[in-house]
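Open the model in a viewer and follow the stops below in order. Each stop says what to select and what is found there.

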Amino acid sequence: MYKKIEANYNKTKKFLFGMKNNDGFIYKLCVYFILIVFGFVFLYPLIYMLSISLMSNLDLVDNTVKWIPSKLYTFNYKMTWKALNLPYSYLTTTMLAGLSMLCVAVSSGIIGYGLARFNFKGKKLVLVLMLFTFIVPKTLFFIPRFQIYSALGLKGNLGAILVPALTGQGEQAALFILIFYQFFKMIPKSLEEAAFIDGAGPFRTFIKIAVPMAGPALIIVCVYSFSLYWNETFLTSLYLDGKIKTVPMLLGNLQNNFGQVVSQSVKGDFSRNPNLNFTEAKIFAGTILSIIPLAAFYLIIQRWFVESIDKTGITGE
């Protein structure tokens with residue numbers, strides 16, 4: 001009898017706590033609970049926007065309709081599709097973000113490799129200044145950059161975005177350089193020394209050995225830089241003079257136009273102007289359309305992106 005009770009106790013204990021206290025039911029329950037809580041925090045805004053964007057005006061004023069629309073209402077998406085000038089603006093934004101991503105990856109890789117592998121006077125000063133540009137608010141550089149770009153004739157064309165990215169002065173360039181710098185520091189020098197013995201120069205060693213081994217860092221930089229330039233609105237509107245319209249810029253104009261209409265009619269009769277209180281659904285529809293390419297881009301490279309973060313040891317960035 002005692003052995004049977006002890007066996008049941010050990011079986012229950014094994015089920016609840018596992019063999020190593022990290023594979024039992026209680027441990028898994030806590031882990032999944034935390035994942036569900038954090039997942040809900042991140043997914044709630046997206047689910048809310050999607051639900052509101054698919055509601056008609058009648059559903060929005062109906063208190064009985066909370067999350068699931070009475071029927072799928074696609075007019076919000078049809079209107080914002082035309083207002084955002086899709087799919088042409090998709091191509092424009094992809095071109096701008098893609099070219100900027102390539103320029104950032106090339107410049108950050110070269111600069112990071114140079115700082116990691118070569119010693120020269122003022123190297124520590126360069127690192128300090130680079131960290132300084134990353135810490136200092138970016139608004140401090142807007143006026144000097146604006147004057148420089150105007151003097152060089154870069155203002156009003158893609159050069160205002162691509163030239164800084166290609167020279168290591170793009171958005172969050174210091175962070176991307178540090179990612180490459182840290183990764184190149186982890187590569188054994190013996191591999192490069194063997195290449196030098198075989199007659200390879202610094203540039204060939206960088207192309208043939210360093211770059212292929214820096215795949216994880218390259219993926220991280222490409223993903224972050226592409227999403228950064230995709231969502232950038234202030235610099236593109238300031239330096240491009242409105243000659244190139246990206247999806248986030250058009251979405252911002254859509255929000256401003258709706259806001260002006262509502263502010264001008266806020267004293268009007270609600271019953272005569274019912275659509276004035278339903279601009280939120282249109283804006284949410286435009287937001288969903290603007291993030292679809294980024295979501296698709298991430299889903300395609302998700303596995304490589306997660307593996308790259310694991311290999312480079314980057315967390316919380």
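**Stop 1: the largest pocket**

The lining of the largest pocket is made up of 16 nonpolar, six polar and three charged residues. Here nonpolar means Ala, Val, Leu, Ile, Met, Phe, Trp, Tyr, Cys and Pro, charged means Asp, Glu, Lys and Arg, and polar means the others, Gly among them. The model is predicted, with local features needing pLDDT of at least 70 and side-chain atom pairs pLDDT 80 or more, while totals for chains, interfaces and linings use all residues. Residues are numbered from 1 along each chain as its sequence is written, and side-chain values use heavy atoms, with hydrogens and water left out.

The volume of the largest pocket is about 500 Å³. Select Thr133, Arg145, Gly168, Gln169 and Gly170, the closest to its centre of the 25 lining residues. Helices H6 (123–135), H7, H8 and H9 (173–186) each give two or more residues to this lining. (On a 1 Å grid over the protein atoms alone, a pocket is an open set of points with protein on both sides within 12 Å along at least five of seven lines; a cavity is a set where a 1.4 Å probe fits but cannot get out; lining residues have an atom within 4 Å of a point. Points are joined across faces, edges and corners, and a volume is the space filled by probe spheres set on them. Helices are DSSP runs of H or I, at least four residues, numbered from the N terminus.)

**Stop 2: the largest cavity**

Next select Arg145, Tyr149, Ala160, Ile161, Pro164, Gln169, Gly170, Glu171, Tyr229, Leu235 and Tyr239, which line the largest cavity. This cavity holds about 70 Å³ of space. H8 gives the most to its lining, with three residues. By class, the lining has seven nonpolar, two polar and two charged residues.

**Stop 3: H6 against H9**

Show H6 and H9, which pack at an angle of about 135° with axes 9 Å apart. (Axes are lines fitted to C-alpha atoms over the stretch in contact, and angles run from 0 to 180 degrees between N-to-C directions.) The two helices are therefore oblique to each other, a class for angles that are not under 35 degrees (roughly parallel), over 145 (roughly antiparallel) or 65 to 115 (roughly perpendicular). Leu127, Met130, Leu131, Thr133 and Phe134 in H6 have heavy atoms within 4.5 Å of Ala174, Leu175, Ile177, Leu178 and Tyr181 in H9. Nine of these contact residues are nonpolar, one is polar and none is charged.
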